[in-house]
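Visitor: Hi! Could you walk me through this one while I have it open?

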Amino acid sequence: MNEEPIKIYIKDEIVHGEATVPFIMDLGTAKKLVNIRLNLSDSKSYPILVDYSKMMNITKDAREYLIKEGSEGVTAGAFITTTVVSRIWINLFITMYRPPQPTKVFTNKQKAVDWLKQFIK
């Protein structure tokens, strides 16, 4: 178990990232979390499910890093959020940064998992 603001684990061939406390994602935190994910995945590519509900903000340099270097080993990405504001922000992020992998936002975790299953290698 790590002491980062996001708990990262693999379940049913999907990497899960769940925030444990409210936090702001800055570049340093993004790099640490990607390193944890890469070590956990042991060079295998996985779809990733990110629970965005406790993320208060994400800095511009963290967004850019996560889209480029930080998306290594990711076959697809799903974000879960329960607020309209977060859903708008995530959709804007997807539109502006055009992630290289299929990426969607969901309000229901099971629907996100079901969608990600098609990207399991």
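**Strands, helices and single residues**

Visitor: What is the bridge partner of Val15 in β4?

Guide: In β4, Val15 has Ile48 as its bridge partner. Strands (E, at least two residues) and helices (H or I, at least four) are DSSP runs, numbered from the N terminus. Bear in mind that this is a predicted model: local features need pLDDT of at least 70, side-chain atom pairs count only at pLDDT 80 or more, and totals for chains, interfaces and linings use all residues. Numbering starts from 1 along each chain as its sequence is written, and side-chain values use heavy atoms, with hydrogens and water left out.

Visitor: How many bridges join β2 to β4?

Guide: Four, and the two run parallel; β2 covers residues 14–19. β4 is also joined to β6, by six bridges, again running parallel. Asp51 stands opposite Ile80 of β6.

Visitor: What order do the strands of the sheet come in?

Guide: The order is β1-β2-β4-β6-β7, five strands in an open sheet with mixed pairing. Two strands count as paired if DSSP finds at least two bridges between them. β1 (6–11) and β7 are the edge strands, each pairing on one side only. On average, neighbouring strands are turned by 20° against each other, direction ignored. For that angle, axes are lines fitted to C-alpha atoms (for helices, over the stretch in contact), and angles run from 0 to 180 degrees between N-to-C directions.

Visitor: Which way do β1 and β2 run, parallel or antiparallel?

Guide: Antiparallel, with six bridges between them. Ile10 has Val15 as its partner in β2.

Visitor: Is β4 mostly buried or exposed?

Guide: Buried: five of the six residues of β4 (46–51) are, so the strand is largely enclosed by the rest of the structure. Buried means under 20% relative accessible area, exposed over 50%, and partly exposed in between (1.4 Å probe, protein chains only).

Visitor: OK, what about the other end of the sheet? How many bridges join β6 and β7?

Guide: Four bridges join β6 (74–80) to β7 (103–106), and the two strands run parallel. Ala78 is partnered with Lys104 of β7. On the way from β6 to β7 the chain passes through helix α3 (84–97), a right-handed β-α-β crossover. Right-handed here means that, with the strands pointing away from the viewer, the path from the first strand over the helix to the second runs clockwise.

Visitor: Where does α3 lie on the strands?

Guide: It lies across β6 and β7, at about 175° to β7. Helix α4 (109–116) packs on the sheet too, touching β1, β2, β4, β6 and β7, and its direction makes about 165° with that of β6. Contact means heavy atoms within 4.5 Å.

Visitor: Changing topic: at what angle do α1 and α2 pack?

Guide: At about 25°, with the axes of α1 (27–41) and α2 (60–67) 8 Å apart. That makes α1 roughly parallel to α2; angles under 35 degrees count as roughly parallel, over 145 as roughly antiparallel, 65 to 115 as roughly perpendicular and the rest as oblique. α1 contributes Leu27, Ala30, Lys31 and Val34 to the contact, and α2 contributes Asp61, Ala62, Tyr65 and Leu66. Six of these residues are nonpolar, none polar and two charged.

Visitor: Where is Arg98, then?

Guide: In the loop between α3 and β7. Arg98 is exposed, at 64% relative accessible area, and has a positive phi near 40°. Most residues other than glycine have a negative phi.

Visitor: What is the phi of Asp12?

Guide: About 55°, positive although Asp12 is not a glycine. Asp12 belongs to the loop between β1 and β2 and is exposed, with a relative accessible area of 60%.

Notes. Ala, Val, Leu, Ile, Met, Phe, Trp, Tyr, Cys and Pro count as nonpolar, Asp, Glu, Lys and Arg as charged, and the others, Gly among them, as polar.
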